[in-house]
Amino acid sequence: MKSLYLLFLHSFLPFLLSPDPSLVLSPTHWPRHTIDDSSSGADGVKLADWNEDGLPDIVTGWEEGGLAKVYLHPGKEHVRDKWEQMTVGKTPSVEDAVFVDLDGESPLEVLSCTEGKERKLYTHWANPRGKEVEWRQQSVAVADGLMQWMYAIPFSLGPNKSVIVAAGKGKEAAIGWLEIPANPRAVEAWKWHPIGQVGWIMSIIPADMDRDGDLDLLISDRRGPLQACRWLENRGPDRWEEPWPNHWIGAKGKEVMFIDWVDWDGDGIREVLAVDWTDTQISIFKPNKVQQQAQSWTTTHFPIPPDMERPKSIVAGDLNGDNVLDLILSSNTGSVPLDGLVWLNGKDLASGTGATFQSISGNHIAKYDKVELVDLDQDGDLDILICEENYGTNSEGLGVIWYENQLKK
């Protein structure tokens, strides 16, 4: 696989850098299944096995609907039906929701981020009562009104130091970590430690960027003076509460969207994959030299289909089972019916046979979010799980949906 990717990188990229008529969409698309379309503005999905049955469950925030919901995987036989759902809380202007383990006990909790005028972080605690589950919602006092909260992840600062990393958007926006007390339900005792400025956070990925054994933070920042793909350096326990040094990766000054971190060329070192709204292109940032304190990057660009003006996310995964990573691209089509969810065959790129983006969604007016690759139907290949928050009756959107991989059938 490594030699195949090296052939791609050294021989085929010059072809991709020039406009080419092969950059068109194929007419086929994948079957779409609806998990839930009962509210408005589904905005992102996060995965975990909430009920410990070995199957992936989902949490989603419905921004316009003002709700956070959990969806339980119904098993292989019913996966194409609408899923069992639980409303975990009322969350006006919710932008993100994520599974977290705050107390070390089952089941998992949910943390939701709200923007707009709400500007709060909420914890949601499950209390199973037989077949029913009651949810208790609490506002994290230290976060109230600090910023428009956009994104959060569970994170390990170091051994035995689990925290929540969160960030927002707007003039007051920052990225930092929330220190959780011994009694995590005492949300009035949580502490906020800002570690850097952001303009509009899009991605937060735990990653040991400098290979020193601890996790740093790989981020994409969409707006403001620090907009770019960049990473923040974890300098160890004595300096966790100080500002974390910023290191540039690429797309500086560009409106960069969701990113992926993956070993694209098979050489054992991960690259950063990105799309941006400024240049509407795919970028691959490859580290040249890894040191304790610094890193340099080589950037390669190649075009997306010319009618995909607002790329939203890019991820890499082996969709067709040929042991070569493919690319999956989602977009916001604006007010025009377009194919907003497509894939690009990695083997075709590497062999130089063409660069045809192939349809997944078919044409419609769409506002897709971040792509998640997961085998939802348990048939051994990767399906695509995503939210669409703009299309449909009264622009309520398609909701929480998944596209069934047909490539090996």
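1. Let's start with the cysteines: you won't find a disulfide here, as the structure holds zero of them. Keep in mind that this is a predicted model.

2. Are Cys387 and Cys229 buried or exposed? Buried means under 20% relative accessible area. Cys387 has 1% relative accessibility, so it counts as buried. Cys229 comes in at 0%, so it counts as buried too.

3. The largest pocket holds about 470 Å³ of space. Its lining is made of 23 residues, and nearest the centre you'll find Tyr151, Ile204, Ile205, Lys370 and Glu372. Strands giving two or more residues to this lining include E2 (42-48), E6 (94-100), E10 (148-158) and E14 (201-207). Others on that list are E18 (260-262), E22 (311-317) and E28 (372-374).

4. What kinds of residue line the largest pocket? By class, there are 17 nonpolar residues, five charged and one polar.

5. The second largest pocket has a volume of about 350 Å³. It is lined by 22 residues, with Asp43, Glu95, Phe258, Lys312 and Asp369 closest to its centre. At least two lining residues come from each of E2, E6, E10 and E14, and E2 provides the largest share, with four.

6. Take a look at the classes in this second lining as well: 14 charged residues, seven nonpolar and one polar.

How values were computed:
Residues numbered from 1 in each chain as written. Predicted model: local features only at pLDDT ≥ 70, side-chain atom pairs only at ≥ 80, totals over all residues. Heavy atoms only, no water. 1 Å grid on protein atoms, 1.4 Å probe; cavity = no way out; pocket = protein on both sides within 12 Å on 5 of 7 lines; lining within 4 Å. Points joined across faces, edges and corners; volume = space filled by probe spheres on them. Nonpolar A, V, L, I, M, F, W, Y, C, P; charged D, E, K, R; others polar. Disulfide = S-S within 2.5 Å. Buried < 20%, exposed > 50% of the residue type's maximum accessible area, 1.4 Å probe, protein only.
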